[in-house]
Amino acid sequence: MSAAGTTVEVRDLCVALDRRPVLAGVGLSASGGEWLAVVGPNGAGKSTLLRAMMGLLESEGEVLVGGVPARTLKPRRRARLMAYAPQTPLMPASLTVFEYTLLGRTPYISHLGRESRHDREVTGAVLERLDLAELAGRTLGRLSGGERQRVVLARALVQQAPVLLLDEPTTALDLGHQQQVLELVDRLRLADGLTVVTTIHDLGLAGQYADSMLLIADGRTVASGPVREVLTEPLLARHFGARVRVTEDPTGRPLVNLIRPTPPV
Amino acid sequence: MALAVALAVLLVCVLAGLMTGAAGIPAKGVVLELADLLPFVSVDSGLSPVEQGLLYQLRMPRVVLAAIVGGLLALAGAGYQGVFRNPLADPYLLGAAAGAGFTATLVIVLVQADGLVPLAAFAGAVGGVMLAYGLGNTAGRGGGTATLVLAGVAVASFLSALQAFVQQIRVEQLQRIYAWILGGIGGDWSQVWLIAPYALVSIGVMLAHGRLLDVLSVGDDEATSLGVSAARVRLVILCAASLATASAVAVSGLIGFVGIVVPHIARRLAGGSYRVVLPLSLIGGAAFLVLADMVARTVLAPAELPIGVVTAFIGAPFFVGVLRATRAVEP
Ligand SMILES: Nc1ncnc2c1ncn2[C@@H]1O[C@H](COP(=O)(O)OP(=O)(O)OP(=O)(O)O)[C@@H](O)[C@H]1O
Ligand SMILES: [Mg+2]
């Protein structure tokens, strides 16, 4: 894949929605091959952060992709550098999985042009990789929630961008498919040097896969750094209002367990 | 595949349309006459000069005009549905019908020059849409599609009120006004030439944007993240579709049903990609209206039914039939 090892950097990002500040001075940095998990309670501003990085919202501050300010990039150029999968994608019920995934090749197709054979091959290969090949001819209206989520991921991967922004890529997936999707993203970023930024609610999964973590609450950065420094009992208690126990697994990665306030009798 | 079938259907409809009519022209003569038009083919049709005149000056322009109007309306409908991401959007959604109705009534009542009605209707349709678009964009910041539709509703009811007002000034013209509103394919070559340039431009633009309409269908955010400006695609399609609607309205009045039903059937039969839905709607709409016009001028011959009545009358049952048939196929 192209331009592997692209760094994304966000400096002092501020976003206001309906004149209400939703993000205030958030910053992050992730280099090629790195996986950054953005965590925080509901409404913290995680999705807003990804959307602003993608240039979908008006924002103040800077987003640098490979050292270049994202707002100076032409739309197609930016689309070749960054791919984005939204939390609640719109999926027209009568498009087929293949047609939908193929749309991810848009940044490589001239404005009124059509896809090349290469575009179709890339699409086929990604569907294969995501275990979706048998569904290629199925319409989106006839997929399960988890299948839809994988199809959205496929569309983003087909874009072959070195930076991948995924908003809650695993929420609708069963245990096996969560693991499968995260393993796939993990392999891609290690093999191709992709920079991965995901928002994710499952702190256990985040702890297992991410290298670094950004914890935001109320639109502000409250902690960032290596996973072990962010996934701590006091921080989680303060910002999620949750009682958890954080232990270490044999490889040194944090394990997060919920504890019932009143232990079962 | 679906396109080939649709083209064959259109061909059959056109042939049928040319063969039927008040004056009986031998069917075989019509076929031979058409064969004669093909390059490198020369046959004697055996039609008399009068019959030839009838065929070339009356039936043929009428069939051609019906095909163009039907194709334009269905294509415009498909375009509007793509822009608004709503299968129930129709070509008249943004005030094209009300605008055309108003200006056509104005001309019928005040100027009483029939030759001016198409131009007036065209201008009215374009004006209505522009008014709705302007209002929708200034009223709602960001110009969401919902605001646009609401602006269309406001503009349409305002212009309809104006139209009703003007029409009440000259009640004796009521029948002509209604005849225009209910739609009819007039049919001489001058009308064909009048709208052909606009038809060609709008058809070309719309068909070229099939893939981008697919991109638009996955959402503005995702279109943007794929490097496509959703607002620009939307504007281009709206312009082209409105041009198509205005051209159709100019020569045929208000013909309902085609713009919603035909794209819907196309989607049912050939899937949701606009790259197929657009050309299929164009061809299907043409075939449908040629057929409807044939019915309109033969059922009560020598009197004619308004074509808008016919489209609803044969369109509705047909539509229900398609809905039932395709649902039966789905698991
Ligand atoms: N279009 C909007 N206009 C105004 N406020 C908005 C808009 N979209 C989101 N917000 C607000 O911005 C805040 C951040 O929303 P965001 O979607 O970024 O949260 P999130 O961290 O992704 O939450 P979740 O975990 O539930 O997905 C929320 O308080 C939300 O209510
Ligand atoms: Mg979110």
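Guide: In this predicted model, the contact between α9(B) and α11(B) is formed by L212(B), L213(B) and L216(B) on the α9(B) side, and these residues meet A230(B), V233(B), R234(B) and I237(B) of α11(B). By class, the contact residues comprise 6 nonpolar, no polar and 1 charged. Helix α9 of chain B spans residues 210-217, and helix α11 of chain B spans residues 230-252. Their axes come within 10 Å and cross at roughly 130°. The two helices are therefore oblique to each other, and α9(B) passes α11(B) in a left-handed crossing.

From α4(B), the residues A100(B), G101(B), A104(B), T105(B), I108(B) and V109(B) take part, and they meet R176(B), I177(B) and W180(B) of α7(B). This contact divides into 6 nonpolar, 2 polar and 1 charged residues.

The crossing of α1(B) past α13(B) is left-handed. On the α1(B) side the contact is made by A2(B), L3(B), A6(B), L7(B), V9(B), L10(B), C13(B), V14(B), A16(B) and G17(B). On the α13(B) side the residues are P279(B), L280(B), I283(B), A286(B), A287(B), V290(B), L291(B), M294(B) and R297(B). The division is 17 nonpolar, 1 polar and 1 charged.

The contact takes 32 residues from chain A and 26 residues from chain B. Between them the two chains bury about 2,300 Å², of which 56% lies on carbon and sulfur atoms. Of the area that chain A buries against chain B, 23% is supplied by L90(A), L103(A) and H111(A), more than by any other three residues.

Charged pairs complete the description. Between chain A and chain B the count is 3 salt bridges. The side chains of R51(A) and D221(B) meet in a salt bridge, with an N to O distance of 2.2 Å. Over all chains, the count comes to 16 salt bridges. Within chain A, R11(A) forms a salt bridge with E62(A), and the closest N and O atoms are 3.9 Å apart. This pair links distant parts of the chain, 51 residues apart: R11(A) lies in strand β1 (residues 8-17) and E62(A) in strand β4 (residues 60-65) of chain A.

Note on methods
Residues numbered from 1 in each chain as written. Chains lettered and ligands numbered in written order. Predicted model: local features only at pLDDT ≥ 70, side-chain atom pairs only at ≥ 80, totals over all residues. Heavy atoms only, no water. Axes fitted to C-alpha atoms, helices over the stretch in contact; angles between N-to-C directions. Helix = DSSP H or I, 4+ residues; strand = E, 2+ residues; numbered from the N terminus. Parallel < 35°, antiparallel > 145°, perpendicular 65-115°, else oblique. Left-handed = near helix turned anticlockwise from the far one by under 90°. Contact = heavy atoms within 4.5 Å. Nonpolar A, V, L, I, M, F, W, Y, C, P; charged D, E, K, R; others polar. Buried area = accessible area lost by both parts, 1.4 Å probe. Salt bridge = Lys/Arg side-chain N within 4 Å of Asp/Glu carboxyl O.
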